[in-house]
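Work through the exercises below with the structure open. Try each task before you read its solution.

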Amino acid sequence: MAHPFRFERPRHRYLVDADADFSGVGFGDAEIVERLADGADRSRPPCRHFGDCGGCALQHVTAEAYVAWKQALIGQALARRGIEAEILPLRILPPAGRRRAVFAGARRGKRVELGFNASASANIVDLQTCLILDAKLVGLLAPLRETLLAVLVRRTGRPGRRADR
């Protein structure tokens, strides 16, 4: 089960339904029933795949909150190793700026799913668009699906049958 608070931020307020065995350690089977109030650092995620896709886990926070969080992580990691260093400002890639990606793929009957793994899962989010990838990469998804399906059909002789392993 996915962590019920994986996309939530400090200073947000929630109505939570916790199981009877809730011990105060961890969240047991706790579920968010309702988000009562957003913290000041929450923003609307721009991607339609947000929440399902395993990438871009912090689209729902403001750019300022993201930069502060990331720089604090870097500072903490260095401090744990006893390293004192000036942390330079983060270099944030613009939207559609990523030129590399590792996709997951799977044949599903007469089609191929291609995209990123869902958060904390082996399930594939079948991407039709991606806000972080260069448009040329996104444009390759459909032809790559067709090519993969053609290769798989050639191997099995049938469009809906999986190849023997």
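**Exercise 1.** Find how many bridges join strand E4 to strand E5, and in which sense the two strands run.

Solution. This is a predicted model. Start with the ends of E5: the strand covers residues 124–126. Next, count its links to E4: there are 3 bridges. The two strands run antiparallel. Last, look at the connection. E4 and E5 form a hairpin, with 6 residues between them. In that turn, Ala120 has a positive phi of about 55 degrees.

**Exercise 2.** Describe how E3 pairs with E4.

Solution. Locate E3 at residues 104–108. Its pairing with E4 is antiparallel and spans 5 bridges. One of the facing pairs is Arg108 opposite Arg111 in E4. E3 and E4 also form a hairpin, here with 2 residues between them. Gly109 sits in the turn, with a positive phi of about 65 degrees.

**Exercise 3.** Is strand E4 mostly covered or mostly uncovered?

Solution. Take residues 111–117. Apply the cut-off: buried means under 20% relative accessible area. Of the 7 residues, 5 are buried, so E4 is mostly covered.

**Exercise 4.** What lines the largest cavity?

Solution. A search of the whole structure gives 1 cavity of 30 Å³ or more. The volume of the largest cavity is about 70 Å³. Its lining includes Cys47, His49, Phe50, Phe116 and Leu127. Sort the lining by class: 8 residues are nonpolar, 4 are polar and none is charged.

How values were computed
Residues numbered from 1 in each chain as written. Predicted model: local features only at pLDDT ≥ 70, side-chain atom pairs only at ≥ 80, totals over all residues. Heavy atoms only, no water. Buried < 20%, exposed > 50% of the residue type's maximum accessible area, 1.4 Å probe, protein only. Helix = DSSP H or I, 4+ residues; strand = E, 2+ residues; numbered from the N terminus. Pairing = 2+ DSSP bridges. 1 Å grid on protein atoms, 1.4 Å probe; cavity = no way out; pocket = protein on both sides within 12 Å on 5 of 7 lines; lining within 4 Å. Points joined across faces, edges and corners; volume = space filled by probe spheres on them. Nonpolar A, V, L, I, M, F, W, Y, C, P; charged D, E, K, R; others polar.
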